[in-house]
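Visitor: I am new to reading protein models. Could you walk me through this one, step by step?

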Amino acid sequence: MNTVESAQNIPSFLEFFKDQINMAEVKYPLDHFKTFNEFFVRELKPGARPIACMDQDDVAVSAADCRLMAFQSVDDSTRFWIKGRKFSIKGLLGNDVQSDAFLDGSLVIFRLAPQDYHRFHSPVSGVIEKFVNVSGSLYTVNPIAVNSKYCNVFTENKRTIVIISTAEFGKVAFVAIGATMVGSITFVRQEGDHVKKGDELGYFSFGGSTVISVFEKDSIKIDEDLLANSARSLETLVTVGMQLGVSFPKMENCVIEP
């Protein structure tokens, strides 16, 4: 998908997903993309994804255009959604991340499909403390695999963990997970960088994949509609910047100014 010849696949891809890709949002015209992967990791026009409560760092936002599952506790996530054997936060984050504070924290799963905008953004404002790369497989991350009892795609797949230190939510673990046809996870930020919620962190090359955000226990109150859908094993379709939840003890919604 990095060859010049691969650009020939762009029109048929657009036709296949014609009701799900809005080219009016895309930063560059179609003839700008010289390979399929250039198109796949396309940028959007400034303002295409409004960020909820931009001036309030105690409001967390969606990290991606995706199908979202959110759970107030890890225990809820394994009861309602993640059925793979032996899923644990320690398994997800690996041995190089001090995971005690995250052990029964809140879990948000952002699943990207091939037709989605494939850049991912910071759900919170803070400082990037470190990156940790974990090698692994590239199993599919679709719901059938996530609900399979035979393996755990989140703890067995290749992934990169970013620890973001925040004033409002404590530490947040942001996990970018590779999947079938997604060997490439590219970050555009470095350790020590200050990020504002909604800032781009990186992108996935061709395929669909998943980001998981893990919040420390009792640091976030996730929006009730997201929790209610997830408790029914229903994914919620969201875009970058939509409100995800608020830090304790603040528990009120905000309105995006027009």
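Guide: Let us start with the sheet: eight strands form an open sheet in the order 9-5-6-7-11-3-2-13, with antiparallel pairing. Helices (H or I, at least four residues) and strands (E, at least two) are DSSP runs numbered from the N terminus, and two strands pair if DSSP finds at least two bridges between them. This is a predicted model, in which local features need pLDDT of at least 70 and side-chain atom pairs count only at pLDDT 80 or more, whereas totals for chains, interfaces and linings use all residues. Residues are numbered from 1 along each chain as its sequence is written, and side-chain values use heavy atoms, with hydrogens and water left out.

Visitor: How many residues of strand 3 are buried?

Guide: Buried means under 20% relative accessible area, exposed over 50%, and partly exposed in between (1.4 Å probe, protein chains only). From strand 3, S106, V108, F110 and L112 point one way, while L107, I109 and R111 point the other way, and all are buried. For strand 3 (residues 106-112), which is mostly covered, the count is therefore seven of its seven residues.

Visitor: What is the bridge partner of F110 in strand 11?

Guide: Strand 3 pairs with strand 2 (residues 66-71) in an antiparallel way through five bridges, and with strand 11, also antiparallel, over seven bridges. In strand 11, the partner of F110 is V211.

Visitor: What kind of pair do the rings of F120 and F174 make?

Guide: The structure holds 14 aromatic pairs, where rings of Phe, Tyr and Trp (its six-membered ring) pair if their centres lie within 6.5 Å, and planes under 30 degrees apart count as stacked, over 60 as edge-to-face and the rest as tilted. The ring centres of F120 and F174 are 5.6 Å apart and their planes stand at 40°, so the pair is tilted. It links distant parts of the chain, with F120 in strand 4 and F174 in strand 7 (residues 171-177), 54 residues apart. Both F120 and F174 are buried, and the name for their pair is tilted.

Visitor: Is H121 buried or exposed, and which side chain does its own side chain make a polar contact with?

Guide: H121 lies in strand 4 (residues 119-121), and because its relative accessibility is 9%, H121 counts as buried. A polar contact is a pair of N or O atoms within 3.5 Å; within protein, one must be able to donate a hydrogen and the other to accept it, and residues adjacent in sequence count only if both atoms are side-chain atoms. At 2.8 Å, the side chain that makes this contact with that of H121 belongs to Y117.

Visitor: What is the phi of D218?

Guide: Most residues other than glycine have a negative phi. D218, in the loop between strand 11 (209-215) and strand 12 (220-222), counts as exposed at 55% relative accessibility. Although D218 is not a glycine, its phi is positive, at about 60°.
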